[in-house]
Amino acid sequence: MTKLTFGMIGGGEGAFIGDVHRRAAALDGAFELVGGVFSQDPEASHRFGASLGLHPDRLAPDWRSFLAKEAQRNEDERVDLITVVTPNHLHVPISIAAIDAGFHVLCEKPIARNISEAAPLIAALEQRDKIYAVANTYLGYPMVHEARALALDGALGTLRKVIVEYTQGWLSAPIEMEGQKQASWRTDPGQAGAAGALGDIGVHAFSLVEYVAGRQITELCADVTTFVSGRPLDDDASLLFRMEGQIKGAMTVSQVCAGEENNLVLRLYGERGGLEWRQQDPNTLWLKPVDAPIQQLRAGADRPYLSADARMRIRLPAGHPEGFIEALANIYNAIGKAIIEKNNPPTMGYPDLGVGLRGLSFIKAALANIHYNEKWTRVDGEHMA
C-alpha cells in the first residue's frame, strides 16, 4: 500500500497513548509521521519533535499554526491525516479545524466532552468529504472480529446475555493531587468532561458490546460512584442494560480495582453456547457450546478456520503474540486503505463517527440515570457501533 503521511497533535513526553499511535501507524508502513505539535509548551514540543527526527519545518508552536502551515503546502506534500491525542476538551476544536483545512482525522475517544459539543463536528463532516475515525483500539483485535462473526453467524443461537468488565487499579489513590499528568486531566471536568471512568474506559466496554453483539444497547440502569475523596469525577460504575432482541446485560467499569491492570473481559451467552474474550490474552477466544467440549480458538495467520475478518488483521503464525499496538495498527491500515480508495468502503472497517456518538449517548444516559427515580433510562441516538 502507498505510504501516507500524518501529523500528530498531542502525545508528547509522558503521554502513553501518543507513543502507541506512532508505533502503530509505522508498524505496517501505512503511515509516516512527518510533523506535529506535541505539547502546549512550544519549546517542549519542538524538542520532542526533534527527538523523533522530524524536520523543523514540519513543527509549529501550536496546533492552529501547524494546521494552517500544512494546509498551505502543495497537495502532494501536505499530511494526509491528523491524529488527535490531546485531552478531551481539545478533541472537537482540533478535529473541526483539521477537517475544514482539508485533512482526514483520527481522534482519540471520547470524541467530545458531551453530545452538544459534538454537534459542530457532525456539521463539519457533513460539509466535507473527509474520513473521521475514532481510536476505539479494542475493535482492532482479530479475535474480537472472530467473536462478532460467530455471534452474527448464529454459533451461539439466539443471544440472551452479555457481560462486560473493564477494571483498572491505577487511580486507586489520589495521584492526580500529586501532579501525575495523565491522572490530572482525566479527573478534571474542564478537560475530561462530565465523566471520569465512564468516559475513559466505559466507552470502550460499551462499543465492544455493541460491535460484537451486532445490537444496540437501548436502556440502562447505572450505579455511578466516586470512591476517592475529593475527586470530582466518577472512578467506578456498575450498570445493567437492555439490548435489541431482548438481550440483557451487565457492565462493570472501574479504575479503583486495586491490583488490576487493563482487565477488559467480554462474555456473550446464547441458547446454544457462549463466548469469552480477554484483552490481556487477546489471541484467545473461548467458544463454549452447551452440548460439546469447550473450544479454544487461537489467532494465527495459518488458522484457516478463522473468519476472513479476523484473518486479514493477523500478521503472524499461531503462537506469536500480537497485541495492543497491532490492534491500533489495524485501524491505521483501514484508514489508509479508505484514503487511497477515496472513501469507497475499505476492505477493513474502522470505528467511525457513529461509534463515537454512540459512546457519548452511553455517557449521557448513565449520568442522567443516577439522578432519576425511574429505573431505566433510554440510550438515545441511532448510530450503530
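**Group meeting: rings and a sheet in a predicted model**

I'll start with Arg 148: its charged end sits over the ring of Tyr 211, 4.3 Å from the ring centre. A charge sits over a ring here if NZ of Lys or CZ of Arg is within 6 Å of the ring centre and within 35 degrees of the ring normal.

Some ground rules. This is a predicted model, where local features need pLDDT of at least 70 and side-chain atom pairs count only at pLDDT 80 or more, while totals for chains, interfaces and linings use all residues. Residues are numbered from 1 along each chain as its sequence is written, and side-chain values use heavy atoms, leaving out hydrogens and water.

Now the aromatic rings. The whole structure holds 10 aromatic pairs, meaning rings of Phe, Tyr and Trp (its six-membered ring) with centres within 6.5 Å; planes under 30 degrees apart are stacked, over 60 edge-to-face, the rest tilted. Take Tyr 138 and Phe 324: their ring centres are 5.7 Å apart and their planes at 55°, so this pair is tilted. Tyr 138 lies in the loop between E5 and helix H6 (142-152), Phe 324 in helix H11 (residues 324-340), and 186 residues separate them. Helices (H or I, at least four residues) and strands (E, at least two) are DSSP runs, numbered from the N terminus.

Is Tyr 138 buried or exposed? Its relative accessibility is 5%, so Tyr 138 counts as buried (under 20% relative accessible area; exposed is over 50%, partly exposed in between, with a 1.4 Å probe and protein chains only). Ring pairs also link Tyr 138 and Phe 324 into a cluster with Phe 16, Tyr 141, Tyr 166 and Trp 277.

Last, the sheet. Five strands form an open, parallel sheet, ordered E2-E1-E3-E4-E5; strands pair if DSSP finds at least two bridges between them. At the edges are E2 (31-37) and E5 (132-134).
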